[in-house]
Structures are given as structure tokens and as C-alpha cells.
Amino acid sequence: KRAKANCDYLIVGVNTDQRIMEQKNHAPIFSYEERAAIVAACRYVDKVIPQNDSDRLSTWNKYHFNKLFAGSDWENTPRWESYKQQLEPLGVEIVFFPRTKGISSTKIRKVQ
């Protein structure tokens with residue numbers, strides 16, 4: 001909802017199962033198809049795309065977005081500073097939102 005309030009057309013990247021396995025060393029609770037369907041059902045989302053890697057420049061080359069949204073826990077990290085260096089010259093504004101307290105896939109995993 002916060003992202004859509006900052007743009008006209010919201011594209012959301014959903015990590016693929018393979019990417020989650022590579023990053024977190026465990027299978028996701030829900031498959032990519034299920035997670036993409038859940039995100040697509042949100043009235044604020046205009047398009048869902050698979051997120052296969054962390055190459056935001058490649059994604060920009062395909063979709064030419066002018067804003068990129070992330071959680072504030074990523075702000076000032078080396079990875080996101082690199083994205084800033086790559087994308088800001090292309091006119092992309094990176095917007096960090098405060099972390100939503102109480103929402104955690106780690107907590108959901110522990111309940112199972």
C-alpha cells in the first residue's frame with residue numbers, strides 16, 4: 001500500500017524458489033507460484049515478476065522503473081549503496097520504508 005501510494009504502476013518482484021534456496025539455504029514455505037498469486041491478489045499490485053537474482057540494473061533495463069522500494073533494514077548496506085550508484089544516474093529514486101513490526105517469515109516458519 002505504501003509503495004503504490006508513491007507510484008502509478010507497481011511492479012513487485014517475488015523471489016523464485018531457487019533464489020530463496022540459494023540465499024537462505026532452505027525451501028520456501030509456499031512455492032513461487034503460490035507467493036506470486038498471493039502478491040498479485042493485492043489490489044495495489046499491477047504486475048508480479050519473478051526475482052531470479054539481485055541484478056537490479058538488468059531489471060531496470062527490462063522495465064525502466066523510476067522508483068525502487070525496499071525495507072529500511074537494507075538502507076546504507078553495501079548492496080543497496082551499489083544499487084544507488086547504478087540506478088540514481090538513470091533517474092531511479094530508491095525509497096526505504098520502515099520495517100513492518102510483527103511480520104516475519106522466520107516467525108511463521110517456527111510455528112509450523
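Colleague: Does Y83 count as buried or exposed, and at what relative accessibility?

Modeller: This is a predicted model, where local features need pLDDT of at least 70, side-chain atom pairs count only at pLDDT 80 or more, and totals for chains, interfaces and linings use all residues. Residues are numbered from 1 along each chain as its sequence is written, and side-chain values use heavy atoms, with hydrogens and water left out. Buried means under 20% relative accessible area, exposed over 50%, partly exposed in between (1.4 Å probe, protein chains only). Y83 therefore counts as buried, at 4%.

Colleague: How are the rings of W80 and Y83 placed in their pair?

Modeller: Both residues lie in helix α4 (residues 78-87), three residues apart, about one turn of the helix. Helices (H or I, at least four residues) and strands (E, at least two) are DSSP runs, numbered from the N terminus. Rings of Phe, Tyr and Trp (its six-membered ring) pair if their centres lie within 6.5 Å; planes under 30 degrees apart count as stacked, over 60 as edge-to-face and the rest as tilted. The centres of W80 and Y83 are 4.7 Å apart and the planes stand at 85°, so the pair is edge-to-face.

Colleague: Which residues form one aromatic cluster?

Modeller: W80 also pairs with F96, edge-to-face, at 5.8 Å centre to centre and 70° between the planes. That pair links distant parts of the chain, with W80 in helix α4 and F96 in strand β4 (residues 93-97), 16 residues apart. Both W80 and F96 are buried. The cluster is W80, Y83 and F96.

Colleague: How far from the sulfur of C7 is the nearest cysteine sulfur?

Modeller: A disulfide is a pair of cysteine sulfur atoms within 2.5 Å. By this rule the count is zero. C7 is in no disulfide, and the nearest cysteine sulfur belongs to C42, at 11 Å.

Colleague: Is C42 buried or exposed, or in between?

Modeller: C7 is buried, with a relative accessible area of 17%. C42 has a relative accessible area of 31%, so C42 is partly exposed.

Colleague: Which residues does T16 touch, not counting those up to four places away in sequence?

Modeller: T16 sits in the loop between β1 (11-15) and α1 (17-24). T16 is buried, at 12% relative accessible area. Contact means heavy atoms within 4.5 Å. The partners are Y32, R35, P50, Q51 and N52.

Colleague: What is the relative accessible area of R35?

Modeller: R35 is in helix α2 (residues 32-40). Leaving aside neighbours within four places in sequence, R35 contacts V14, N15, T16, D17, I20, P28 and F30. R35 is buried, with a relative accessible area of 16%.
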